Amino acid sequence: MAPPIAYSLIATDLDGTLLRGDDTLSDRSLDALAQVAAAGAQHLVVTGRPAPRVRPLLDVLGSKGLAVCGQGAQLYDAGADRLLWSITLDRELAETALGKIEAEVGEVYAAVDQDGVDGLTLIEPGYLMPHPTLPAVRVQHRDDLWCEPISKVLLRHPALSDDELAATARAVVGSLATVTMSGPGTVELQPCGITKATGLALAAEHLGLGAHETIAFGDMPNDIPMFDWAARGVAMANAHPELKAVADEITLSNEDDGIAVVLERLFAGVGAGASASASTLADLAQ
């Protein structure tokens, strides 16, 4: 008799976690996720990227299920290519929050992710995309950022570190928005009260699963609410110190297949047919 699976839901961040630095997935990671699927567990992407920026990666994974996008503000159904749930950041509140931040630290550079499955990422003059491979549309003026409903605002400062900018933003924004730090050069404002845990809990409910059945992987402070919600949180070796401090386990880095190392251990000998599934996923990744 095959041993029971340790976790039924595997929640993974993307950047700095499942993805390598060049935005690709290794064959070993794909094999490990195929082993998870063969064992009857489900893999759920939980990312700060908006749905349109996640769709190509879900295609590589062969995923037709759910994904949590936009820091928990979007629950995306890949099979139907539609949002099952989304919440937007009030644009007037976003402008007010930006004004409060700039009153403390001087000029910042801003970008927004528009809501919807075809929403654009708009960047104002001076803003540099932390991931140059991700598509963005440069606008002429900040006012142009607010032309359509948005899911979040992304901020960069010309001199302050991400930690300094995030700390100041949290101090002055209050209930106008939730402040997160999701990666190098990425401090974000999202709807107040919305975190990755919000979207993860909603997705788990749709799947008929609970926190006690969930293991989560991440690398940045925006993953802390997800770790708090899940039964187990695993931080990457390259993770921010704040996340490592609350993790149940620290694995290898994203470049060294840290997620695969843990999944191989947890799902060793569980399920049949994993090799065939892994080959299919590896083919998709080519």
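What follows is a chat about the sheets, helices and cavity of a predicted model.

Student: What should I know about the model before using values from it?
Tutor: It is predicted, so to speak of numbering, residues count from 1 along each chain as its sequence is written, local features need pLDDT of at least 70, side-chain atom pairs count only at pLDDT 80 or more, and totals for chains, interfaces and linings use all residues. Side-chain values use heavy atoms, with hydrogens and water left out.Student: Which strands make up the six-strand sheet?
Tutor: The order is 8-7-6-9-11-10, in an open sheet with mixed pairing. Strands are DSSP E runs of at least two residues, helices are H or I runs of at least four, and both are numbered from the N terminus. Two strands pair if DSSP finds at least two bridges between them.

Student: And which are the edge strands there?
Tutor: Strand 8 (137-138) and strand 10, each of which pairs on one side only.

Student: Is strand 6 enclosed or open?
Tutor: Strand 6 (residues 109-114) is largely enclosed by the rest of the structure, because five of its six residues are buried. Buried means under 20% relative accessible area, with exposed over 50% and partly exposed in between (1.4 Å probe, protein chains only).

Student: How many bridges does strand 6 make with strand 9?
Tutor: Six, in the antiparallel sense. In that pair A111 stands opposite L154 of strand 9. Strand 6 also pairs antiparallel with strand 7 (residues 121-123), over three bridges, and there V112 stands opposite L122.

Student: What sits between strand 6 and strand 7?
Tutor: Six residues, in a hairpin; G116 in the turn has a positive phi of about 100°.

Student: What about strand 10 and strand 11, parallel or antiparallel?
Tutor: Antiparallel, over five bridges, with M181 opposite V187 in strand 11. Helix 5 (residues 162-173) lies across strand 9, strand 10 and strand 11, at about 170° to strand 10. Contact means heavy atoms within 4.5 Å. Axes are lines fitted to C-alpha atoms, for helices over the stretch in contact, and angles run from 0 to 180 degrees between N-to-C directions.

Student: Switching to cavities. How many of 30 Å³ or more?
Tutor: One, and the largest cavity holds about 260 Å³ of space. It has 24 lining residues, and the closest to its centre are D15, R49, H131, T186 and E188. A cavity is a set of points on a 1 Å grid over the protein atoms alone where a 1.4 Å probe fits but cannot get out, and lining residues have an atom within 4 Å of a point. Points are joined across faces, edges and corners, and the volume is the space filled by probe spheres set on them.

Student: Which strands supply at least two residues of that lining?
Tutor: Strand 9 (150-156), strand 10 (178-183) and strand 11 (186-190) each do.

Student: How does the lining divide by residue type?
Tutor: Seven nonpolar, nine polar and eight charged. Ala, Val, Leu, Ile, Met, Phe, Trp, Tyr, Cys and Pro count as nonpolar, Asp, Glu, Lys and Arg as charged, and the others, Gly among them, as polar.

Student: What is the order in the eight-strand sheet?
Tutor: 5-4-3-2-1-12-13-14, open and mixed, with strand 5 (82-86) and strand 14 as the edge strands. Strand 2 (residues 42-46) and strand 3 (residues 66-69) pair in the parallel sense over two bridges.

Student: Which strands does helix 9 lie across?
Tutor: Strand 1, strand 12, strand 13 and strand 14, at about 160° to strand 12. The buried residues of helix 9 (residues 258-266) are G258, I259, A260, V262, L263 and L266.

How values were computed:
Side-chain values use heavy atoms; hydrogens and water are left out. On a 1 Å grid over the protein atoms alone, a cavity is a set of points where a 1.4 Å probe fits but cannot get out, and a pocket is an open set with protein on both sides within 12 Å along at least five of seven lines; lining residues have an atom within 4 Å of a point.
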